[in-house]
Amino acid sequence: MAASPGEPLGPQVPGTTTLVYGSYHPVPGPAASATRAEVLAAWTAGEVVTVVSPRPSAAHLAVRIAGPLAARRLHNVRRKTGAGGLVFCAEAGVPLVAGRGPLGLANAVLTAGLLARAFGAFEEVTLVVTGDLGVPAWVLAPLRRAATEVRGPHSAAGPPPTPRPRATGEDGAVAEGRRAVHDYAAGDRLRAGVAQVSPLGPPEIPWKLRARGIAGVAARRLLGSRAPAARSALRALRSAAAARSR
């Protein structure tokens, strides 16, 4: 799904593109609210924003940046969008997949190390921790060190630091920095009766559609560059079958 999240709220500044990653509306929960707050703050500061979500939503792109492939996927998204700044809203399962036992912990450590190196490709990185990630705090340490700013329950005590202001326009006017945002998980609890969203998507998505999506991903990886041609051929067969049944 690649629906636009809406029009920017402020004037656009050429060359200041920010990639905001995290769950996004209409997905409920504190992570989506945190992402939306960061998008609004970036737009207010006059930045060009590309919103990327780990699941289908109103974001521009849906890319699951999680697990050992998180760094590679973030690199691909950065190349596609040309973003110089990154706001990464972390949540349970994204980007650290916390499995059980030593192998699960090793997987999270590997992901954090590789993703921290990918953070270095951006000029500025803001890491927003939107709740309990399900891993020890020390596992997140590489990402905290690689970020220029950290917010959320795993950040240091006290108010978050004020980000560096951005210049806007040719007259050298300075834009107001992003608003300080505190612990989203504590300030934006889910409403009663709303189920928690998993990294697989909202609970209202039928399992039939989820299985179809997983099958599509597997087919694209198996076919590689031949996937578009195979998809076109499959559509032609379906159209022919539908015409014969009339």
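## Surface and overall composition

The protein chain exposes about 13500 Å², of which carbon and sulfur atoms supply 59%. The model is predicted. Of the 246 residues of the protein chain, 39% count as buried. Its secondary structure comprises seven helices and eight strands. Among contacts in the protein chain with a separation of 6 or more, 69% are between residues 24 or more positions apart.

## The open sheet

Six strands form an open sheet in the order S3-S2-S1-S4-S5-S6, with parallel pairing. Strand S3 (61-62) and strand S6 (149-151) stand at the edges; each has a single partner strand, so one side of each is left without a neighbour in the sheet.

Strands S4 and S5 run parallel and are joined by six bridges. Within this part of the sheet, Gly85 stands opposite Glu124 in S5.

## Helix H1

Helix H1 covers residues 30-44 and has 15 residues. From its first C-alpha to its last it reaches 21 Å, close to the 21 Å expected at 1.5 Å a residue. H1 lies across S1, strand S2 (48-53), S4, S5 and S6, and runs at about 165° to S2.

The buried residues of H1 are Pro30, Ala31, Ala32, Ala34, Thr35, Glu38, Val39, Ala41, Ala42 and Trp43. Just after H1, Gly46 takes a positive phi of about 85°.

In soluble globular proteins, nonpolar side chains tend to be buried together. The largest nonpolar core here has 31 residues, and Leu74, Phe88, Leu115 and Leu127 touch the most other members. At least two residues of this core come from each of strand S1 (17-21), helix H2 (70-81), strand S4 (85-90), helix H3 (101-119) and strand S5 (124-129). H3 gives the most, with six residues.

Leaving aside residues up to four places away in sequence, Phe88 touches Tyr21, Ile65, Pro95, Leu115, Phe119, Thr126, Leu127 and Val128.

## The loop between H2 and S4

Gly82 is found in the loop between H2 and S4. Gly82 counts as exposed because its relative accessibility is 52%, and the cut-off for that class is over 50%. The C-alpha atoms of Gly82 and Leu19 are separated by 8.8 Å, although the two are 63 residues apart along the chain.

How values were computed: Residues are numbered from 1 along each chain as its sequence is written. This is a predicted model: local features need pLDDT of at least 70, side-chain atom pairs count only at pLDDT 80 or more; totals for chains, interfaces and linings use all residues. Side-chain values use heavy atoms; hydrogens and water are left out. A nonpolar core is a set of buried Ala, Val, Leu, Ile, Met, Phe, Trp, Tyr and Cys residues joined through side-chain atoms within 4.5 Å. Buried means under 20% relative accessible area, exposed over 50%, partly exposed in between (1.4 Å probe, protein chains only). Helices (H or I, at least four residues) and strands (E, at least two) are DSSP runs, numbered from the N terminus. Contact means heavy atoms within 4.5 Å. The expected span of a helix is 1.5 Å times one less than its number of residues. Accessible areas come from the Shrake-Rupley method with a 1.4 Å probe; for residues, only the protein chains shown count as cover. Two strands pair if DSSP finds at least two bridges between them. Axes are lines fitted to C-alpha atoms, for helices over the stretch in contact, and angles run from 0 to 180 degrees between N-to-C directions.
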